[in-house]
Amino acid sequence: MDLYEYQGKELFRRFDIPVSDGRLATSAAEARAAAEELDGRVVVKAQVLTGGRGKAGGVKLAEDPDDAERKASEIIGIDIRGHVVTKLWIERASEIEKEHYLSVTLDRGEKRPLLMYTTEGGVEIEQVAAENPDALVRIHVDPLEGYSEELGRRLVGDDAQTLAIVEKLYRCFTECDATLCEINPLIVTPDGVVHALDAKVTIDDSALFRHPDIAEWRDTSAADPLEAFAREKGVTYVKLDGSVGILGNGAGLSMSTVDVVVVAGGRPANFCDLGGGGSAEGVVDALEVIARDAQVRSILFNIFGGITRCDEVARGILAALDRVDISVPLVVRLDGTNADDGRRILREAAPEGLHVEPTMLDAARRAVELAA
């Protein structure tokens, strides 16, 4: 779950990480009122769950409340990488002498938190890593030993303010079950004060039950409509940009199916995990989600029967097809317990547009061919 900047800053405040004072606005009039409360120059910032706001004209400096109202009217309604701006963060402007970068993220390859810091902040961290990798300090944290001041000094040096922010940011990361806590830029003002000028935070969805206050911040209107619909149905679904819909029982098998479709020369339209079962209700829910994607030109249903028998899955597929209108070809691969019976049931029923293939590769090739 990605947080908006204003939400990330609220989280930072809870951990005593210094941030600029600001107000949320949803209209130009509210932006004017916010600027009057802040009494001075302000920055009008689009609140969207994507990067590139500045380049897209979503961040503007305003000299006074009148200017803030004008700038807000220019920003509200613009499209930034597919996200239409409906909310603004009106923040007291800061004097900046230096811009640094600081983050804690989950390094999945190393299975450990990763601290990153550079004095070259204010630009995309990928750019720093590519153009001046020696300027980027990277230190992993052993989750059993935890963070220590020694690690902090190796990361940022001896500045007391920055050291304190590193420790607080790491606590925010661990205590909130985050996968990313990023400050870019972490600024130093002319009078030497260090504070966070931006906040980018991602919380692990699977841990939100431990943080109901954070879970309430989820903006369902900003989510991908298909992913939101899948969440309502209880289906594990991730939208991709191809034309072959994927449906498997189990995350590992579904991920493998995505890979095999690519090997077969196709492009997956989604990742969709039915879970360990193959009930008619589960298949109906999953097919309803996949069928709503206009890019899908064929659907590959890949099932390995372990505890769930393939003949039961086959009956579930037929029952689902009676309830869901599928206008694209459906390719089915069954393997495992009672696979022969399952394939026989499907062949005998022979619903229009359904193709049964013996192996995963054969099924992927057929699905790619039908999607062309």
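Which handedness does the crossing of α5 and α6 have? I'll get to that in point 2, after a quick overview.

1. Overall picture. Keep in mind that this is a predicted model. The protein has 13 helices and 18 strands, and its C-alpha trace spans about 80 × 50 × 40 Å along the principal axes. Of the 372 residues, 49% come out as buried. If you take contacts between residues at least 6 apart in sequence, 69% of them join residues at least 24 apart.

2. The α5/α6 pair. To answer the opening question, α5 and α6 cross in a right-handed way. Helix α5 covers residues 149–156 and helix α6 covers residues 160–175; their axes are 10 Å apart and the packing angle is about 120°. Angles of 65 to 115 degrees would count as roughly perpendicular and those over 145 as roughly antiparallel, so this pair is classed as oblique. On the α5 side the contact uses Glu 149, Gly 152, Arg 153, Leu 155 and Val 156, while α6 brings in Thr 162, Leu 163 and Val 166. Sorted by class, that contact has 4 nonpolar, 2 polar and 2 charged residues.

3. The α11/α12 pair. Here helix α11 (residues 310–323) and helix α12 (residues 339–349) have axes that come within 7 Å and cross at roughly 25°. Since angles under 35 degrees count as roughly parallel, that is the label for α11 and α12. The crossing of α11 with α12 is right-handed. From α11, the residues involved are Cys 310, Asp 311, Ala 314, Arg 315, Ile 317 and Leu 318; from α12, they are Ala 339, Asp 341, Gly 342, Ile 345, Leu 346 and Ala 349. By class, this contact splits into 8 nonpolar, 1 polar and 3 charged residues.

4. Strand β17 and its partner. Strand β17 runs over residues 330–336 and is mostly covered, with 5 of its 7 residues buried. It pairs with strand β16 (residues 298–305) in the parallel sense, over 7 bridges.

5. Leu 334 sits in strand β17. It counts as buried because its relative accessible area is 0%. Leaving out residues up to four places away in sequence, Leu 334 touches Ile 303, Cys 310, Val 313, Ala 314, Ala 339, Gly 342, Arg 343, Leu 346, Glu 357 and Pro 358. Cys 310 and Ala 314 in that list also belong to the α11 side of the contact in point 3, and Ala 339, Gly 342 and Leu 346 belong to its α12 side.

6. Arg 53, a charged residue under cover. Is Arg 53 buried or exposed? Buried means under 20% relative accessible area, and Arg 53 has 14%, so it counts as buried. The residue lies in the loop between β2 (42–46) and β3 (59–62). Setting aside neighbours within four places in sequence, Arg 53 is in contact with Glu 5, Lys 45, Ala 46, Gln 47, Val 48, Gly 58, Val 59, Ile 80 and Asp 198.

Key: Residues are numbered from 1 along each chain as its sequence is written. This is a predicted model: local features need pLDDT of at least 70, side-chain atom pairs count only at pLDDT 80 or more; totals for chains, interfaces and linings use all residues. Side-chain values use heavy atoms; hydrogens and water are left out. Axes are lines fitted to C-alpha atoms, for helices over the stretch in contact, and angles run from 0 to 180 degrees between N-to-C directions. Helices (H or I, at least four residues) and strands (E, at least two) are DSSP runs, numbered from the N terminus. A crossing is left-handed if the near helix is turned anticlockwise from the far one by less than a right angle, and right-handed if clockwise. Contact means heavy atoms within 4.5 Å. Ala, Val, Leu, Ile, Met, Phe, Trp, Tyr, Cys and Pro count as nonpolar, Asp, Glu, Lys and Arg as charged, and the others, Gly among them, as polar. Buried means under 20% relative accessible area, exposed over 50%, partly exposed in between (1.4 Å probe, protein chains only). Two strands pair if DSSP finds at least two bridges between them.
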